[in-house]
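Trainee: I'd like to learn how to read aromatic rings in a protein model. Can you walk me through it?

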Amino acid sequence: MTARLDDPLTLPCGITLPNRLMKSALSETLGRADGAPSRRLETLYTRWRHGGFGLVVTGNVTVDHQHLSEPGNVAIADDRHLPELTRWAQTFRPSTTPLFMQINHPGRQAHSLAGRSRPVAPSAIKAAVPGAVRPRALTHAEILALVARFGAAAGIAEAAGFDGVQLHAAHGYLVSQFLSPLANRREDDWGGDAPRRRRFILAIVRAMRAAVRPGFAVAVKLNSADFQRGGFTEDESRDVVRALVAEGVDLIEISGGSYESPAMMGTVAASTAAREAYFLAYARTVRALAGSVPIAVTGGFRTRAAMAGAVADGDCAVIGLGRPACLTPDAGTALLVRGMERLPSSRVRWGGARGLVGRFGDLRSLDSVIDLQWHTDQLHRLGAGKEPDPARRWWRTVASATLRMGPGALQPKRSASRSRR
């Protein structure tokens, strides 16, 4: 029978999503300085609880206080913030919408001002973005310790009352660095050929599954490819999907790109953008491989017709919405109840001296970062109990981003978990 957007979906673990719309991960940067969730984060998620989504996934929560993607990340290396995490999870009670915590480590994309240590990575290879710091290669013992940290974080998320976790294995963060032959040039059991490069992600999934009860969801966000010559390919991605299905994951979200090639932020060909769903063609190639594990696709969806068509055709089971949820926090209700045909969206660009700025840097990358930071401003407004401001000017975002993240805020590398990010 043809699936509809308002149809429920039961995941392999037994959790039922009330519909096929997912608020995918958006890096909120609303954590406290000590790594705990803030009251503003609770306010933001209370708003999304009433958004009519079938699933809500948090922005990235790092497993190491010493290595942050950006200032304002929540960090759960241990259970020191369990009371605050519990309050965060309770923003979705009572609700029929499950809340998943996205768990991450930035690796070489760690923010130079937010972190307290030199970035770490599979190999000591600097990311090809301005301002990147050459990372230190992880030792075998450190890799095992990180696997344990991911497992412990899943257990803490369950103890706090979340319904599941999502491992962030996309967008150039640590797990996807292990998968990439450009970032991982190790010659031990954690690198080399493709089977060894995917050992890290599989070890983490096993650690997470071992740390939680069977009814708790373990999901993964995975790149279709990293869109770099010599990098992680679609064929390798399909092999990872096969392996994840064999490990018993409950949902696989497909995205793509990295901060070196930011396809997830809409830096794609015009023909791809016109189709709305940037990664749907790849999703079609893995739906049979996934079997009973649902596939979600995030990136580019804006119209109800495109979303409904993707689900009806069986190209994916779940539609991920990132940036649209910044301007329409009740996007699920808007589409399924109010009958909205197209979600409002904005593409914000650097607005001054473009010719001059273009002489010193890539304007397209700068526009992507401005656009991303502008949407973060909207999240901060929602966290303060205000309404989104679609008319917000670009220069105000430059000012607010610099205050939040320091002078490096506008480098085309912001390590935010964007499913559009």
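**Reading the ring pairs**

Mentor: Let's start with a cluster: Y45, W48, W88 and F162 are linked by ring pairs. Rings of Phe, Tyr and Trp (its six-membered ring) pair if their centres lie within 6.5 Å; planes under 30 degrees apart count as stacked, over 60 as edge-to-face and the rest as tilted. A heads-up: this is a predicted model, where local features need pLDDT of at least 70 and side-chain atom pairs count only at pLDDT 80 or more, while totals for chains, interfaces and linings use all residues. Residues are numbered from 1 along each chain as its sequence is written, and side-chain values use heavy atoms, leaving out hydrogens and water.

Trainee: How many aromatic pairs does the whole structure have?

Mentor: A pair of aromatic rings is described by the distance of the centres and the angle of the planes. Searching the whole structure turns up eight aromatic pairs. One of them is Y45 with W48, edge-to-face at 5.0 Å centre to centre and 85° between the planes.

Trainee: Are Y45 and W48 buried or exposed?

Mentor: Buried, both of them. Buried means under 20% relative accessible area, exposed over 50%, partly exposed in between (1.4 Å probe, protein chains only).

Trainee: What lies over the face of W48?

Mentor: That's K23, at 4.2 Å from the ring centre. A charge sits over a ring if NZ of Lys or CZ of Arg is within 6 Å of the ring centre and within 35 degrees of the ring normal. Likewise, R199 has its charged end over the ring of W190, 4.0 Å from the centre.
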